[in-house]
Each structure stands twice: as C-alpha cells, then as structure tokens.
Amino acid sequence: MKYKNTGTDQVFNIVNGIILAFIFIVVAYPLIYVVSASLSSPTAIIQGRVKLLPVDFSLGGYKAVFANGAVVTGFLNSMFYMIVGTCVNVMMTVMLAYPLSRKGFYGGKAITLLLIFTMMFNAGLIPNYLLIDSLNLIDKRAVMIIPKALNVWNVMITITYFRTTIPDELLEASQVDGCTDFNFIGKIVLPLSKPILAVISLFYAVQHWNSFFDAMLYLNSEKLVPLQIVLRDILVQNQLSMDMITSLDPESISVRENLAVLLKYALIVVSSLPLLIMYPFIQKYFVKGIMIGSVKG
Amino acid sequence: MKALLKTRLLNQRKLNSIKKDWQLYLLVALPVIYIIVFKLVPLYGVQIALKDYVARIGITGSEWANPLFKHFINFFNDYNFWRVIRNTLTISVYGLVAGFPLPILFALSLNYLGNKKIKKTIQMLTYAPHFISTVVIVGMLMQFFQTRTGMVNQLFTYLGMEEIDFFGTAGTFPHMYVWSQIWQNLGFSSIIYIATLTGIDPALHEAAIMDGANKLQRMWHIDLPGIMPTAIVLLTLNLGKILNVGFEKVLLMQNPINIKLSEIITTYVYKVGLASAIPQFSYSTAIGIFKSVIGLILILTFNKLSKKISESSLF
C-alpha cells in the first residue's frame, strides 16, 4: 500500500534509524574489537592503537593458543561432550516427546504432569550433588552427559511441534498400511521435523559447549575438564602459566605479559568459534522454534 | 451389572491400546526412568534441610534437627542474611527495570525499518552474543575494563577522564553485571516480540493509515497493545525468577573487593554448602529451599496480579 510520508513520519524514521544504528554499534563493536585485537600485535593492543581493524597483523596469539596443551585438551573434551551429549539429548527428547504427542496414548497425562512438576520443583544444589555422588559419577566423563540427558523445556517444544505439524491422517494411513510405530517415527516423523530437530540440537549443543559449573563441581582430573574450565583459569583467574608463552621468544617479562593479553583475545575467539559458525545455518528455524516453545503454546 | 460391564469394556479397551502401543511405551521408558532418577530422587534429599546431615550416616540415618527448622532460623539470624537478600534483589530488580523494556523497544524499532536486508543483518548480529559462554563474557569484561590496557579505560583517558579500576571498585559491580547481561541478550530476547509483531493483522495498519495515523501513533495504538499480552507473560515469568540471578556469572565476577555487593543467595548457598572447608549441607539446602519458596510465592502473586490488570496470565 502506497502512502505519502508525512513530516512526523520522517522525524520518526530518522529517530528510529539513530536508535537502531546505536544498538548495532554497541553490540557489534566489542565483537569486532575482540577479533581485531586477536589479530594485532601485542604492543598495538597495549598502546591502544587497535580501534576497529587489526594493527600490525600477527597470528602470535593463535599460535600461543594452539601451543597450549591444556587448551587443546579442553577443546577436544568439549567437542566430545558436545557431540555425544547432543546426540543423547536429541534421542531422549524424541523418545519422550513423540509418544506424548500421540492422541490416546494411555498414561501420557500422568507423564506430562510429572514433567511439569519437575519443572516447578528443583531440589537444588546439595541434594543433586549427593545424588551424583551416590551414583558414583564424580570425576567420570559420563557426568557431563547423563545428568543432562534431557531438558524438559525442549521436550515441551518438541511435543507441540509434533502435534501441530504431523497430521493424524498420516498416522492412520500408515497404520492401515501396516506400518509399525518405530517405522512411522523413522520414516515419517523425523524427516518432517527437521526444523525442530535443528533448533533443539542447537540449544543442547550450546548448553554443552558452554557448560562450566557442573564441570567445576564434578570433574577434578585435568584430562577430563572441558574448555570452559581452562578458559576460566586463564581468562578469569589469570592463571596463565608462563612456560606456555616461553616457547615464543621471551625477551623480558613485559613481552610475556603483552603476549598474555594477546593470547586471551585469541582464546576468546577460538572458544566462541564453533557455535558462531554453526548458528547462521540454524538461524532461519529460530523464530518458528521459539514461537512454538513460547509460553502462549 | 451394566456399569460393571462398561468398566470391563473400558479396561479391555485400555489393555488393547496399551498392547497396540507397546513400541511407544518402550520408547518412553528410558526418558521416564531418567526423570525419576535425576529429578524426583533428589527431591527426597531435600529433607536434609530439616536434619543434621552427616555424610557417613546418609540421608535417612541422620538425626532430625532440633528444633526442626533450626537451619532456616540460623539463616534468618545469619549476619549475612540481609546483605545477601539485598544484593540479590538489587541486581535482579535493576536488571529487570533496565533490561525488560529494551528488547521491546528494539523489536518495535526494527519492525519499522524499511530495508529487509539491513533488518536481517542487524537481527543476526544481535543474536550472536547470546551464544558466547558466561566464562568468555566475564573474560571479555575483564579485558575491556582493565585499568591500563582495557579499551574502556583507554577511551576514558582519550576523552580526558580519570581511569576507573572497575574490578577493583565495589560500586561498579551491579552496572557491569546488568549491562553486560543486556548486551548479551538484547537480540535474542527480542525474537519473540518480533515474531508477535509480524503476526499483527496488516488490515489494522491499513485502516489506521486511511484514518491518517502517523507511524508513531500506529506504534502506540496498534503495535504496543499487540505485544502487550506476550510482554506481560514474560514479565510474570521474569518476576518469578527474580531470586535466580545468574549464578555462574556472579560467581565468576566476584572478587574480595566487590564481594560486599556481589554475594547473592545462590553464590552463598554454593559457598556454605560445597566450597567451604567445612561443608554445611543441611544449612545450605535450607537456604536453597527458602529461595525456591519465595520464588514460587512471587510467581503466583504476580500471575494473579497480571490476571486482574490485563486479563493475560501464565496459568
């Protein structure tokens, strides 16, 4: 529909543009700065010469990151927890959500009530810790996967999706043809549910990749800890062992300190990369997935 | 006789449907076992809040506390009680007041942007920080707000202002916490509003344009009422979680200097319960329960209130 822009509308457009530009800059700038800093020379960062683009381009930070054994181990551990964990999550979610989405599934109501109940009442830190302890999961790889095998919220989203997108007629037709439930799920439900599977996979993957607290509580062995724990040691607690930088031409303490700054920026980039690469592919499903899962049902 | 027949028939039907659906039951078994073990069983352990838990004896064997609510009473008399409550409320109320309207404003703004390509770009970019982990966010804060080399202080010196030691001053903690939270989640929280806005009937806008309404008037009279129900439901949800301030982030940002303002209920629970030299399991559990109960009361109250005021509510 065409209409003339009135004077007030033009003011509106300008103000609107300014607001959006401001938000855009505020969100984008720190991200760009981190990437640029990670590609600059340490002295340029310290002297504040990095404004927007990399200054004195160098890959020193990345070299230092990948020369660090703890970072590499952490990265591989995180990958493992994320991939295996997400597979378990998605499988468990579908296993629970599909039967609950079926009409006339006897006992489904009771299970749904159980789910809602567990969403409302959480035992809290200590009772959960005692459970993990009594199951002998402390300091085992499984502790990063099994206690988080399912997220009730994601189950709810998935149930709603199945209900709204898989027509009953499809099930009836397949049953007439003698199709079993397993076959129906594998050949019809799953292929039709790619959007929701993509969204919950991303949610679960993010959760695994970023999980830090349970690793801190339950894992002690250095060879088991995920990347986030290594990141905490280096980025937050500043426990950057100097020998990991020594290999890179240490002339004086200040050079090492400078390299430490650079390494931190590179580390921030490396640790965020896997998810940032993944998410544009799944982004198009977001709105749908989130609307389905929204409180309005 | 007839009734008996009917129930028998019904039971028969149930049995048949269970038999027919056996594959579904097989599927559901493992997840249900998981829920029972990892969600229900820990609830049994909650009773240690009323006991004097001794790890060696276990949950069932430990003696009941005397008086029964000893650990709760101890918490109310704890010299940290008011400080922890005050910090929790300050951070969360501040976060809500500053952070709740912004995604709405952002969604409204974006909705009136003509250029689709720019719109998509801005949307995509603002989602990105949501995927950065808490540890990295805190790491970034520490880099940016460093005294000498951080970009914020370098900007300050450039503008001729005094440097601020952000992590070495207690007062800056709530601001850094809240605004970094907003920075991280602005885009992602706006998704639901953007989706609601696209669902508004275009005929409403067309009619308003015919009546000579300008964009601001349309925003005020059509778009805002359109997203109100969603906003109120989200607000209710957030109010219920008011005591659940982001635990991990606060814990990571804490240091001996800002602890006065940064110790919140959840970090206190962790410290008393697991991180201290003498873990007090019962005491810590009691504090956790206190928090959950208050949260539940809050969510029920606000739900009732929002039902009265706006006729939209959670349940």
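Reader: Which backbone oxygen does the side chain of T236(B) reach?

Author: In this predicted model, the side chain of T236(B) comes to 2.8 Å from the backbone oxygen of I232(B).

Reader: Where is T236(B) placed in chain B?

Author: T236(B) belongs to helix α11 of chain B, which covers residues 215-240.

Reader: Is T236(B) buried or exposed?

Author: T236(B) has a relative accessibility of 3%. Buried means under 20%, so T236(B) counts as buried.

Reader: And which residues is T236(B) in contact with, leaving aside its neighbours within four places in sequence?

Author: There are contacts from T236(B) to I299(B), F302(B), N303(B) and S306(B).

Reader: Turning to chain B as a whole, how many helices and strands are there?

Author: Chain B contains 15 helices and two strands.

Reader: What percentage of chain B counts as buried, and what is its accessible surface?

Author: Of its 315 residues, 50% count as buried. The accessible surface of chain B is about 16,200 Å², and carbon and sulfur atoms hold 68% of that area.

Reader: How many positive and negative side chains does chain B have?

Author: Chain B carries 28 positive and 14 negative side chains. The centres of these two sets are 13 Å apart.

Reader: What about contacts in chain B between residues at least 6 apart in sequence: what percentage join residues at least 24 apart?

Author: In chain B that share is 61%.

Reader: Which residues of helix α14 of chain B are buried?

Author: The buried residues of α14(B) are I265(B), T266(B), T267(B), Y268(B), V269(B), Y270(B), V272(B), G273(B) and L274(B). This helix runs over residues 265-275 and is mostly covered, with nine of its 11 residues buried.

Reader: On to chain A. What is its secondary structure?

Author: Chain A has 14 helices and zero strands.

Reader: And what percentage of chain A is buried?

Author: Buried residues account for 51% of the 297 residues of chain A. Its accessible surface is about 14,000 Å², with 66% belonging to carbon and sulfur atoms. For contacts in chain A with a separation of 6 or more, 70% are between residues 24 or more positions apart.

Reader: Why is helix α12 of chain A said to be largely enclosed by the rest of the structure?

Author: Helix α12 of chain A spans residues 227-236, and nine of these 10 residues are buried, so the helix is largely enclosed by the rest of the structure. Among the buried residues are L227(A), Q228(A), R232(A) and V236(A).

Reader: Which residue with a positive phi follows α12(A)?

Author: That residue is N238(A), with a phi near 60°.

Reader: One more residue: where is S272(A) found?

Author: S272(A) lies in helix α14 of chain A, which takes in residues 253-293. The relative accessible area of S272(A) is 8%, so this residue is buried.

Reader: Which residues does S272(A) touch, not counting those up to four places away in sequence?

Author: S272(A) touches I132(B) and V136(B).

Notes: Residues numbered from 1 in each chain as written. Chains lettered and ligands numbered in written order. Predicted model: local features only at pLDDT ≥ 70, side-chain atom pairs only at ≥ 80, totals over all residues. Heavy atoms only, no water. Helix = DSSP H or I, 4+ residues; strand = E, 2+ residues; numbered from the N terminus. Buried < 20%, exposed > 50% of the residue type's maximum accessible area, 1.4 Å probe, protein only. Contact = heavy atoms within 4.5 Å. Areas by Shrake-Rupley, 256 points an atom, 1.4 Å probe, with all protein chains shown as cover. Lys, Arg positive; Asp, Glu negative; His and termini not counted. Charge placed at Lys NZ, Arg CZ, Asp CG, Glu CD. Polar contact = N/O pair within 3.5 Å; in protein donor to acceptor, adjacent residues only side chain to side chain.
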